[in-house]
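This briefing goes with the sequence and structure shown below. Please read the points with the model open.

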Amino acid sequence: RLFGNTLIISGLNLLFVFPTPIVLALLLNEVRHITYKRVIQTVSYLPHFISWVVVGGMLIYMFSINVGFFNRLLISFGLEPIRVLGNSDTFLTLVVTSAIWKGIGWGAIIYLAAIAGVNPELYEAATMDGANRFHRVLYVTLPSIAPVIIIMLILQIGQLLDVIFYQILILM
């Protein structure tokens, strides 16, 4: 059972946590206002430096039945509180979303660095050929950063059985 749960959590992390920094990096690359881009980058990578113990405490205060912000909001609308913590149905969602929140910004830095290395002439050529923004991302940016994506995927697969123990322990 332990091995199965480890594979399930690692598989979900591979499926959902791995691609989110790529998406954030692609979206940030399209932001033209430099101040907004820097603010979003800073806010998104700050959770990486927060301990899992602090993140667990934040989640407890957010989703607790008695004092949680989420359930207080539901009660203020006249709805019944939802037991998020300690519920086996919501545990995997909580594990995956907290891992996304904690790692999305740091991972996006790697992909933004790879995007910065893409030859600007490729974008100009795609524009001259009539490619819109989506097509430039799909046919220029993604193929150009594919080696970095593959290396990061191989490293992630190498850690398939290395589930973050502190995260699981604290969220249980």
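Leaving aside its neighbours within four places in sequence, which residues is Asn 13 in contact with? Asn 13 touches Phe 18, Val 96 and Ala 99, contact meaning heavy atoms within 4.5 Å.

The model is predicted, so local features need pLDDT of at least 70 and side-chain atom pairs count only at pLDDT 80 or more, while totals for chains, interfaces and linings use all residues. Residues are numbered from 1 along each chain as its sequence is written, and side-chain values use heavy atoms, with hydrogens and water left out.

**Overall**
- The chain has 9 helices and 0 strands; helices (H or I, at least four residues) and strands (E, at least two) are DSSP runs numbered from the N terminus.
- The C-alpha trace spans about 60 × 40 × 25 Å along its principal axes.
- Of the 172 residues in the chain, 33% are buried, where buried means under 20% relative accessible area, exposed over 50% and partly exposed in between (1.4 Å probe, protein chains only).
- Among contacts with a separation of 6 or more, 70% are between residues 24 or more positions apart.

**Helices H1 and H6**
- H1 (residues 2-17) packs on H6 (residues 88-116) at an angle of about 45°, with the axes 10 Å apart; axes are lines fitted to C-alpha atoms, for helices over the stretch in contact, and angles run from 0 to 180 degrees between N-to-C directions.
- H1 and H6 are therefore oblique to each other, since angles under 35 degrees count as roughly parallel, over 145 as roughly antiparallel, 65 to 115 as roughly perpendicular and the rest as oblique.
- From H1, Ile 8, Ile 9, Leu 12, Asn 13, Phe 16 and Val 17 meet Leu 92, Val 95, Val 96, Ala 99 and Ile 100 of H6.
- Asn 13 lies in H1 and is buried, with a relative accessible area of 13%.

**Helix H8**
- H8 (residues 133-158) bends by about 50° at Ala 146, and Pro 147 follows within four residues; the bend at a residue is the angle between axes fitted to the seven residues ending there and the seven starting there.
- Its buried residues are Arg 136, Val 137, Val 140, Thr 141, Ile 145 and Ile 149.
- The cover over the buried residues of H8 includes H2 (19-30), H6 and H7 (120-128).

**Pro 120**
- Pro 120 is in H7 and counts as exposed at 51% relative accessibility.
- Pro 120 and Ile 100 are 20 residues apart in sequence and 30 Å apart in space, C-alpha to C-alpha.
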